[in-house]
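Try each one before reading its solution.

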Amino acid sequence: MIVPPIPRALKYIAAETPEGVSKPLIINQDLILAMDTKRLAVLSGGYIGPLSGNAVLAMIPVLKMEFGASAEEILVSITFFMLPFAFFNLFSGTVSDVYGRRKMLNIGFLVYALGCVFCVLSSDLMSFYLSRSVQGVGYAFVNPVLLAVL
């Protein structure tokens, strides 16, 4: 990620010393990059779950045409997302405490991304259901870890 240079006016911020004399503080650009990356992970992770759980609603006409299924059959995919999410959510926080939050967050995002790829590549309704389940498992390892990070 390329971070634009900090404007000169923001690079030095006056800090009060006990004597009342202003002293410039230098902002570390690497720290800003690390804060932005962490914030981006937390915000995107919190946004992905609710979006992906119900994104199917907007895609019902396309999925009906693609899979030749009814709207009710398409809506079952929300259940296929939520059930593994709810089940793995029960113990994913404990697993992240044992193996490390960052590692579990990365694994969760990776599994979720694989589920997204499988959704795109699914040729029938059953493979779409299974890929939605993979997404649910992946997001189950993201959600509680994000709450712990906050």
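This is a predicted model: local features need pLDDT of at least 70, side-chain atom pairs count only at pLDDT 80 or more; totals for chains, interfaces and linings use all residues.

**Exercise 1.** State how many helices and strands the protein has, and in what order they run.

*Solution.* Start with the count: there are seven helices and two strands. Now read from the N terminus: the order is α-β-β-α-α-α-α-α-α. Turn to burial next: 29% of the 150 residues count as buried. Last, take contacts between residues at least 6 apart in sequence: 66% of them join residues at least 24 apart.

**Exercise 2.** Check the span of helix 4 against its number of residues, then locate its kink.

*Solution.* Helix 4 covers residues 71-99, which is 29 residues. At 1.5 Å a residue, helix 4 should therefore span 42 Å. Its end C-alpha atoms lie 41 Å apart, which agrees. The kink is about 45° and is centred on Asn89. Now list burial: the buried residues of helix 4 include Ile74, Ile78, Phe81, Pro84 and Phe85. Finally, look past the end of the helix: Gly100 follows helix 4, and its phi is positive, near 110°.

**Exercise 3.** Describe how helix 5 and helix 6 pack.

*Solution.* Two values are needed: the angle between the axes and the distance between them. Helix 5 (residues 101-121) and helix 6 (residues 125-140) pack at about 165°, with axes 7 Å apart. Angles over 145 degrees count as roughly antiparallel. Helix 5 and helix 6 are therefore roughly antiparallel. Their crossing is left-handed. Helix 5 makes the contact through residues including Gly108, Val111, Tyr112 and Gly115. On helix 6, the contact residues include Phe128, Ser131, Arg132 and Gly138.

Methods:
Residues are numbered from 1 along each chain as its sequence is written. Side-chain values use heavy atoms; hydrogens and water are left out. Helices (H or I, at least four residues) and strands (E, at least two) are DSSP runs, numbered from the N terminus. The expected span of a helix is 1.5 Å times one less than its number of residues. The bend at a residue is the angle between axes fitted to the seven residues ending there and the seven starting there. Buried means under 20% relative accessible area, exposed over 50%, partly exposed in between (1.4 Å probe, protein chains only). Axes are lines fitted to C-alpha atoms, for helices over the stretch in contact, and angles run from 0 to 180 degrees between N-to-C directions. Angles under 35 degrees count as roughly parallel, over 145 as roughly antiparallel, 65 to 115 as roughly perpendicular and the rest as oblique. A crossing is left-handed if the near helix is turned anticlockwise from the far one by less than a right angle, and right-handed if clockwise. Contact means heavy atoms within 4.5 Å.
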